[in-house]
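Look at the chain as a whole before turning to its parts. The paragraphs below go from the overall fold to one pair of helices.

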Amino acid sequence: MLQLVAQSINQHRAMEHSLDALIAALRAGSAFTEIFPEAARLAIAHYAAEEPLLNHLARIEPAVAAKLAAQHDEALEIAARLEEAVAAGQAADALALARRFHAIAQHNIIEEERDVFPLMKR
């Protein structure tokens, strides 16, 4: 389990780097749609890699595991809707969705590292 936690932490650092670039582009009003695909790709890969950890967590803290899985699902749903908004030329929707994606993905990282990983290390 410790190896899964370490792997997740390493993936979080890569995700945070990408999320930092995304929020910087959003704040600057620059082309966030060029940065977003990498953030989404990292999130998709990370959430898939974290499934075994969440499955283990579900045996000891089912409510916490369900909350984190819901955050993953929400981030992935937002990413899909953002891609659709970009394809449809809905700039205002894409901007709002990019901000929401950043918020939920960053919040998930914080919760996992603050609350879950210490629990999993015990």
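Of the 122 residues of the protein chain, 38% are buried, where buried means under 20% relative accessible area with a 1.4 Å probe, protein chains only. The model is predicted, so local features need pLDDT of at least 70 and side-chain atom pairs count only at pLDDT 80 or more, while totals for chains, interfaces and linings use all residues. Residues are numbered from 1 along each chain as its sequence is written, and side-chain values use heavy atoms, with hydrogens and water left out.

The protein chain has 5 helices and 0 strands, in the order α-α-α-α-α from the N terminus. Helices here are DSSP runs of H or I with at least four residues, strands are runs of E with at least two, and both are numbered from the N terminus. The radius of gyration is 15 Å, close to the 14 Å of the globule rule for 122 residues, so the chain is as compact as a globular protein of that length. This radius is taken over C-alpha atoms, and the rule is 2.2 Å times the number of residues to the power 0.38.

Now take helix H1 (residues 2-28) and helix H5 (residues 91-121), whose axes come within 10 Å and cross at roughly 155°. Axes are lines fitted to C-alpha atoms, for helices over the stretch in contact, and angles run from 0 to 180 degrees between N-to-C directions. H1 and H5 are therefore roughly antiparallel to each other, a label for angles over 145 degrees.

How values were computed. Angles under 35 degrees count as roughly parallel, over 145 as roughly antiparallel, 65 to 115 as roughly perpendicular and the rest as oblique. Buried means under 20% relative accessible area, exposed over 50%, partly exposed in between (1.4 Å probe, protein chains only).
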